[in-house]
Amino acid sequence: MQNRLCTYALSTLSLCAAVFLSSCASQESSIPIGLATQGSFAVGGSFITHEGTFSKEHFLSPEGQKAYGDHAYVFYQIPVNARPLPVVFQHGGAQTKRTWESTPDGRDGFQNLFLKDGFAVYLVDQPRMGEAGLSTVPASDANPWARSPMFYSETYFDLCRLGDENGLYAGSQFPEGDENIEAFQRSWNQYSGELDDDLNAGALGSLLNKTGPAVLMTHSMGGTIGWRTPWYTRNVRAIIVLEPGGTPFVFPKGYAPEDITATYAPLVATAMEVDMEQFRPLTQMPLLLVYGDYIPEKQVADPGQDKWRSELAMARAFVKTVNDLGGDATLIHLPEIGITGNTHFLMAEKNNAEIFSVIRRWMHAKALD
């Protein structure tokens, strides 16, 4: 399928020949990565000070000491002769930058696929997650993903549409084998503080103010963080979202659709109204939303599948609103273009190079390379 898509692009879009030859070649795991530099840093954040006076006689006491937190952690790699626009990667809920690294079965993830195609990459651990685990606000019981041990193996398996009680869905693109399912289950990460989408978007804004103009790629609950990031920076040139869901889509006041019922109400897609001036930046840049397979058209009993029915419906309403207001939003439901078997983690599956090619074709059409 990967070769078919690349060949189709070469034969029908002659002006794109060079970029897609590079894109197809970049998917070969044997291609070395030539780096100009790499590194990491913290961005954003705050601190609070405990009352009292620090004393060495009470060395571990909090009195008079500062607690730092609420920053993002960023790991970056810049290839030799990098393309002009870097790609900034924002993970989803209860995940970390690991989302974009190697696949469960050890192949190139999106981090390497973009690097090999000449893009600088910035992988983010959002505030209060992963390597940015320091928080100035303790987590509460309101966030179920802030608990340890995390007894959610069946929940995650179903919620991410990997399969059912019989195992992976038939035709699934998720790598087969118990070891790959275990790798998936070990990728989850608990929150060390309250979930705060605006705090997370502010940290992304600080990052893009540092990097300069960039393409922002988000996943799942990272979607709403991405929609809010242009409130904090002018450097977002485009937003690519893989299966946004789990937190509100933003709509300008007066445009939000009615609530969508779902089998399990806490998982239903939601809309949040914002001022038109806050929404307007989303009409001034290209947006791409990509959804995978196993999403029913009508309400079903399975809560994991039905959640994504509501999310896809809300996404279609969001795209229509953006375009009705003069924007440039595209939604690709992969089965509708002949790509089947993808779950919620489509960037890490057997055909992730094919998904990468679909995204790159869109990026090239929008002059983002």
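How many nonpolar, polar and charged residues does the lining of the largest pocket have? By class, that lining has 19 nonpolar, 13 polar and five charged residues. In this count Ala, Val, Leu, Ile, Met, Phe, Trp, Tyr, Cys and Pro are nonpolar, Asp, Glu, Lys and Arg are charged, and the others, Gly among them, are polar.

Colleagues, this is a predicted model: local features need pLDDT of at least 70, side-chain atom pairs count only at pLDDT 80 or more, and totals for chains, interfaces and linings use all residues. Residues are numbered from 1 along each chain as its sequence is written, and side-chain values use heavy atoms, with hydrogens and water left out.

Let me stay with the pockets. A pocket is defined on a 1 Å grid over the protein atoms alone, as an open set of points with protein on both sides within 12 Å along at least five of seven lines, where a 1.4 Å probe fits; lining residues have an atom within 4 Å of a point. The largest pocket has a volume of about 740 Å³, a volume being the space filled by probe spheres set on grid points joined across faces, edges and corners. Its lining comprises 37 residues, and Trp145, Leu159, Met221, Gly246 and Leu267 lie nearest the centre. Helix 4 (153-159) and helix 9 (303-324) are the elements that give two or more residues to this lining. Helices here are DSSP runs of H or I with at least four residues, strands are runs of E with at least two, and both are numbered from the N terminus.

The second largest pocket has a volume of about 170 Å³. Of its 13 lining residues, Arg98, Ser102, Thr103, Pro104 and Ser187 are the closest to its centre. This lining divides into six nonpolar, five polar and two charged residues.

I turn now to strand 3. Is each face of strand 3 (residues 87-90) covered or open? Both are covered: Val87 and Phe89 on one side, and Val88 and Gln90 on the other, are all buried. Buried means under 20% relative accessible area, exposed over 50%, and partly exposed in between, with a 1.4 Å probe and protein chains only.

Strand 3 pairs in the parallel sense with strand 4 (residues 121-125) over four bridges; pairing requires at least two DSSP bridges between two strands. Within this pair, Val87 stands opposite Val121 of strand 4. Strand 3 also pairs in the parallel sense with strand 7 (residues 214-219), over four bridges, and there Met217 is the bridge partner of Phe89. Together with helix 3 (residues 110-116), strands 3 and 4 make a right-handed β-α-β unit: with the strands pointing away from the viewer, the path from the first strand over the helix to the second runs clockwise.

Next, the loops. The loop between strand 4 and helix 4 holds Arg128, which has a positive phi of about 70 degrees although it is not a glycine. Arg128 counts as buried because its relative accessibility is 5%. Pro149 is found in the loop between strand 4 and helix 4, and a cis peptide bond, with omega about 0 degrees, joins Ser148 to Pro149.

Arg161, in the loop between helix 4 and strand 5 (163-164), has a positive phi of about 60 degrees and is likewise not a glycine. With 0% relative accessibility, Arg161 counts as buried.

Finally, is Ala265 buried or exposed? Ala265 lies in the loop between strand 9 (249-252) and strand 10 (271-274), and counts as exposed because its relative accessibility is 53%. Ala265 and Lys307 are 42 residues apart in sequence and 8.6 Å apart in space, C-alpha to C-alpha.
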